[in-house]
Amino acid sequence: MAIEQEKFEQLIKEFTLDTDQLKTVADSFRKEMVSGLAREEGASMAMLNSYIGMPKGDEIGDFLALDFGGTNLRVLNIHLTGDCKAEVIKKVARPLVTEEYNLINKDAKADDTFDFIADMVAEAVEGVEDKKFYLGHTFSFPSIQENIYNARLINWTKEFAIPGVEGEVVNDLLKAALERKGVKNVEPNSVINDTVAVLLAAAYQYPDTRIGVIYATGYNACYFESNHKDGAAPSIVNMECGNFDKLALSSCDEELNAKSERPANQHLEKMISGRYMGELLTIAAARLSGKEIADDFTAIDISDMLADDENSTKTLAIMKAKMGFECPECAQKLRELAKAISVRSARLAAAAMVGPIWHIAGDNPIEAQHIAVDGSVFQFMPGVQDTIKAALAELLGAEDAAKISPVLVTGGSGTGAAIAACVASK
Ligand code: BGC
């Protein structure tokens, strides 16, 4: 199959961001943070107060952690040791989507989904029904909070669409389900976003951390705000920066938006996160080949292509499976497109780190710090971590960039939720 070189170059160009463009993104990101904090009309980042500060490290006891944020749901029984350590005593994990059922789409029923969760909670405390547990809930969707318990879902993201949950206090729905299931010894007492959970957990390992990032199926970040202009106590702010929209969208981004559950939302997330990168490649490959691709590429396909050998062995197999044909020249082009999409994603992720780095420093010099990152894209996609580092140097200069260490912090959703449950129980 012949590839039109011009079309290919145009697509690569669409996915390329030069240093100036990246600086503009970082700069507008910082401004949007301030605009969101001031609740200005049209601000694209919600900048939600989490009503929790950085942990002290002395949190102690057994707590339940619920991790609800992707297609895999987890309930953990976690022991906090009181000296910055967390041990998982029991873990129950189950998918919310299988070939037999789908508990997250438009046809799902909120009660069924929360009953499913309540059953998993019951399983996590099986055998210890005589002991009371506080439950921390890592709920990874934009939620407006009035306090550490009361988180109301603003809108679903990541293509979740369960009716009847938007506008509701999610922990009330969970409590009702626990009652229906007769689980009497578990009390949900807190809700945090997964970015907040990662930051809380990271503070146990790296006390200089002030920014937490999720770079996975979804994308978002939070930071510790020590100076709320409205007089609120210092606390972690969930930026909901996946919705950042001061971006030049490519025609492939526009096409992806149009097909998504919420076309006008989550523009940055759709350019960065694992949920959408594969779909962007599908759109680009369909344009290049002139063929319809029924089965979308995934972020895992992109990782496989990036790690492929010089004969593109894996890429050819993926092409055959998803596009119905294989040709070495096309496979090479497909790999270059995959690389452009993944590099753009990582460069944007770096720009979105620089926004809060600048905001936190204000007029002072940037301090040495870790940035806690969890998520499969950061952990597994070849080249992503190096690209972030290079982009940080481009944006901050070598000297300041050397002070910034993005680190992988796994298991934060559980540890962070346990810390939140402990703090809320006091
Ligand atoms: C949600 C965020 C979440 C992120 C990562 C986004 O779609 O809006 O709340 O932190 O995904 O899970």
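Helix 8 and helix 9 are roughly perpendicular to each other, a label used for angles of 65 to 115 degrees, with under 35 counting as roughly parallel, over 145 as roughly antiparallel and the rest as oblique. Helix 8 covers residues 274-289 and helix 9 covers residues 299-306. Their axes come within 7 Å and cross at roughly 70°. Axes here are lines fitted to C-alpha atoms, for helices over the stretch in contact, and angles run from 0 to 180 degrees between N-to-C directions. Helices are DSSP runs of H or I, at least four residues; strands are runs of E, at least two; both are numbered from the N terminus.

Who touches whom? Gly274, Met277, Gly278 and Leu281 come from helix 8, and Ala299, Ile302 and Met305 from helix 9. Contact means heavy atoms within 4.5 Å. These residues divide into five nonpolar, two polar and no charged. Ala, Val, Leu, Ile, Met, Phe, Trp, Tyr, Cys and Pro count as nonpolar, Asp, Glu, Lys and Arg as charged, and the others, Gly among them, as polar.

A word on the source. This is a predicted model, where local features need pLDDT of at least 70 and side-chain atom pairs count only at pLDDT 80 or more, while totals for chains, interfaces and linings use all residues. Residues are numbered from 1 along each chain as its sequence is written, and side-chain values use heavy atoms, with hydrogens and water left out.

Helix 3 (residues 110-124) packs against helix 4 at about 65°, axes 8 Å apart. That makes helix 3 roughly perpendicular to helix 4. On the helix 3 side, the contact includes Phe114, Ile117 and Val121; on the helix 4 side, it includes Leu173, Leu174 and Arg180. The tally for this contact is nine nonpolar, no polar and three charged.

Five strands form an open sheet, order 4-3-2-5-8, with mixed pairing. Strands pair if DSSP finds at least two bridges between them. Which strands sit at the edges? Strand 4 (86-95) and strand 8 (186-192), each pairing on one side only. The twist averages 25° from one strand to the next. Strand 5 (residues 133-139) and strand 8 run parallel, joined by six bridges. Leu135 stands opposite Pro188 in strand 8.

Two helices meet the sheet. Helix 4 (residues 170-180) packs on it, touching strand 2 (60-68), strand 5 and strand 8, and its direction makes about 160° with that of strand 8. Helix 5 (residues 194-205) lies across strand 3 (72-81), strand 5 and strand 8, at about 95° to strand 8.
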